[in-house]
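Here are my notes on the model, point by point. Have it open while you go through them.

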Amino acid sequence: MENKGRILIVEDEKSMREVLKILLEEEGYETASAPEGLEAIEKLQQDIFDIVITDINMPKADGFEVLRKVKEMSPSTMVIMITAFGTAESTIEAMKLGAYDYIHKPFKIDEIRLIVGKAIEKKRLSEELDLLREKIGTRYRLENIIGKSPKMQELFRLIPKIAQSSSTVLITGESGCGKELVAAAMHNLSPRKQRNFVTINCATFPEGLLESELFGHVRGAFTGAVYNKEGLFEIADKGTIFLDEIAEMPSSLQSKLLRVIENGTFRRVGGITDIRVDARVLSATNKSLPDVIAAGSFREDLFYRLNVIPLHLPPLRERTEDIPLLLEHFLRKYASDTRRFSPEALRLLIKYPWKGNVRELENMVERTVLLSDREVIIPDDLPDEVFRAASPVSPLPDIGDAGVELEKIMEEIEKGYLLKSLSIANGVKMDAAKLLNLSFRSFRHRLHKYGIK
Ligand SMILES: Nc1ncnc2c1ncn2[C@@H]1O[C@H](COP(=O)(O)OP(=O)(O)OP(=O)(O)O)[C@@H](O)[C@H]1O
Ligand SMILES: [Mg+2]
């Protein structure tokens, strides 16, 4: 039988100690025991336990001392106090000191099973969370970009390399999938990182203003130009300039942009002298530039100049493995450390199409933690649209004269979910089983049934 966890039993009455030992070993736990506090503390120094169950009144060191020692030496160990009836005060005291729960004497077997089972589950969960956090801290993160899907991991490998060069990069991808984040990472990982990273959204300026923003102007160039003004290209000298929504760049400015990219020179609006800059140009769009070119509003030669290194960010629905990680990341950003999504809620969120990509997901987390104060966020706490998206939309196929093969249809559905959960869980069966709310055994049985490896 698998070992479900290690438990130290501290109890001065021998018969009680024995009962607990037998019961817990039957449940699959490994046990050790001590007849009083000092011996217990000695055992704690030599060994690591998941749970300590301790009586309160004992000779030499009492239950409170054991509790204090555990919290000091092994804070993640769960402590369950054994209390006699009529000792409510010491029970409250114990909870304040960090005990997880208490059981009353005389014991009720079911109560013990339940409390110990819950304590172990809680401990495992917090260990899993720690592990996940550790991973977000390193392997699954590049600068501020989070992701574990193969597509994102590939980008994590590419970005630091691309950052070393000064070639132009065109970042494409749907709205909210992290284009600006990638541009910033590219700058921060580059030899230019000590210099400026300037960004400008080409869609938010009227034509004339955009030109003077990008290239600056000289005094008297137009009404209101009372001073000489530096443009963003000058500010980005030896650094990086990020041109967001590049498809919206007015035709009149496209040739000027082409020139600065080709030979590093331009003139301020109204200026007569050439200014030389060395700015790395990154640009982004959520449109298809070839389509915009075909429609006649973007210069093809400029496109090739901007697109020396193309970088595409996949939409979130094509990398659902990243969803649990991103949820965890934003939960930590907007809420306390211990809040989490229930498995059912997680399932709905993985299924949701996220048309607004990571931005939409981030906003959803922020809103949800604000509106609900449950520790574990359940489907009820999620926005309506998440529910609507999850409800089965495809109507049942008609039953024709030949009838339908119900068994076969159900098997196909089952198989589909098994494969999907495995892919989301990166092949870790334990996690995949959780996504389907199945026990590990039952999950494994089903894999067997369909010959899935
Ligand atoms: N992989 C990621 N990890 C962590 N945060 C992310 C990730 N992708 C996007 N975000 C966050 O989502 C939000 C939107 O990202 P960003 O602004 O980079 O998207 P975008 O592709 O530039 O969108 P748009 O086309 O609408 O400008 C930001 O708050 C960003 O921090
Ligand atoms: Mg953007």
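1. In the contact of H17 with H19, Glu411, Glu414, Lys415, Leu418, Ser421 and Leu422 of H17 meet Phe443, Arg446, Leu447, Lys449 and Tyr450 of H19. Contact here means heavy atoms within 4.5 Å. The helices are H17 (residues 406–424) and H19 (residues 440–450), packed at an angle of about 115 degrees with axes 11 Å apart. H17 passes H19 in a left-handed crossing. By class, this contact divides into 5 nonpolar, 1 polar and 5 charged residues.

2. Some housekeeping before the rest. This is a predicted model, where local features need pLDDT of at least 70 and side-chain atom pairs count only at pLDDT 80 or more, while totals for chains, interfaces and linings use all residues. Residues are numbered from 1 along each chain as its sequence is written, chains are lettered from A and ligands numbered from 1 in the order in which they are written, and side-chain values use heavy atoms, with hydrogens and water left out. Helices (H or I, at least four residues) and strands (E, at least two) are DSSP runs, numbered from the N terminus. Axes are lines fitted to C-alpha atoms, for helices over the stretch in contact, and angles run from 0 to 180 degrees between N-to-C directions. A crossing is left-handed if the near helix is turned anticlockwise from the far one by less than a right angle, right-handed if clockwise. Ala, Val, Leu, Ile, Met, Phe, Trp, Tyr, Cys and Pro count as nonpolar, Asp, Glu, Lys and Arg as charged, and the others, Gly among them, as polar.

3. Next, H8 (residues 207–215) and H10 (residues 251–263): their axes come within 10 Å and cross at roughly 15 degrees. That makes H8 roughly parallel to H10 (angles under 35 degrees count as such). From H8, Glu207, Leu210, Glu211 and Phe215 take part, and from H10, Ser252, Leu253, Lys256, Leu257 and Val260. The crossing of H8 past H10 is left-handed.

4. What is the handedness of the crossing where H2 passes H3? It is right-handed. H2 (residues 37–46) and H3 (residues 63–73) pack at about 10 degrees, axes 9 Å apart, so H2 is roughly parallel to H3. Gly37, Ala40, Ile41, Leu44 and Gln45 of H2 touch Glu65, Val66, Lys69, Val70 and Met73 of H3.

5. Two backbone spots to check. Lysine 105 and proline 106 are joined by a cis peptide bond, omega about -10 degrees, and proline 106 lies in the loop between strand E5 (101–105) and H5. Lysine 60 has a positive phi, near 55 degrees, in the loop between strand E3 (51–55) and H3. For context, most residues other than glycine have a negative phi, and most peptide bonds are trans.

6. Finally, the largest pocket holds about 1,700 Å³ of space. On a 1 Å grid over the protein atoms alone, a pocket is an open set of points where a 1.4 Å probe fits, with protein on both sides within 12 Å along at least five of seven lines; lining residues have an atom within 4 Å of a point. Of its 41 lining residues, Leu125, Glu128, Met430, Asp431 and Lys434 are closest to the centre. H5 gives the largest share of the lining, 11 residues.

Methods:
Points joined across faces, edges and corners; volume = space filled by probe spheres on them. Parallel < 35°, antiparallel > 145°, perpendicular 65-115°, else oblique.
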